[in-house]
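Subject: Structure for you to look at

Hello,

Here is the structure I promised. Please open it alongside these notes.

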Amino acid sequence: MPEASSSCPPDRRPDRQAAQTAACAGLPPKAVFSKKVKEAAPVLRACTRCAVRRDCERIVAPADNGFDGVCGGRLYRSGRPVEIPAHLLPALPGTHAPRGGSLA
């Protein structure tokens with residue numbers, strides 16, 4: 001889960017346990033905060049199995065702060081979700097084929 005600043009409102013402050021259990025915990029920050037689909041691919045794959053995915057979106061609030069990187073299973077540039085080509089999308093858990101469209 002991308003780290004939120006300490007100046008976050010109380011309802012958006014990261015829960016330490018959620019941050020530690022996030023599927024992206026331990027992945028390189030360069031991948032988590034990448035603007036490039038291929039660099040972010042490992043993080044996008046991790047998001048498909050993440051137990052705190054919705055908390056991540058609530059805490060980071062990408063659209064509210066111009067976030068760049070992966071949050072809640074989506075890649076953002078300047079707070080806007082990036083459309084990802086279907087052949088680069090990670091497979092959903094329990095499937096082997098990528099889904100089409102965006103990671104919405």
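What covers the buried residues of α4? The cover includes α3 (37-47), α5 (62-65), β1 (69-71) and β2 (74-77).

A word on the source. This is a predicted model, where local features need pLDDT of at least 70, side-chain atom pairs count only at pLDDT 80 or more, and totals for chains, interfaces and linings use all residues. Residues are numbered from 1 along each chain as its sequence is written, and side-chain values use heavy atoms, with hydrogens and water left out.

Helix α4 spans residues 53-60. Helices are DSSP runs of H or I, at least four residues; strands are runs of E, at least two; both are numbered from the N terminus. The buried residues of α4 are Arg53, Cys56, Glu57, Ile59 and Val60. Buried means under 20% relative accessible area, exposed over 50%, partly exposed in between (1.4 Å probe, protein chains only). Ala61 follows α4, with a positive phi near 45 degrees.

Next, Pro62. Pro62 sits in helix α5. It counts as buried because its relative accessibility is 5%. Pro62 touches Glu57, Phe67, Cys71, Tyr76 and Gly79, leaving aside residues up to four places away in sequence. Contact means heavy atoms within 4.5 Å.

Last, the cysteines. There are zero disulfides, a disulfide being a pair of cysteine sulfur atoms within 2.5 Å. For Cys24, the nearest cysteine sulfur is that of Cys56, 6.1 Å away. For Cys71, that of Cys56 is again the nearest, at 3.6 Å. Cys71 is buried, at 0% relative accessible area.

Best wishes
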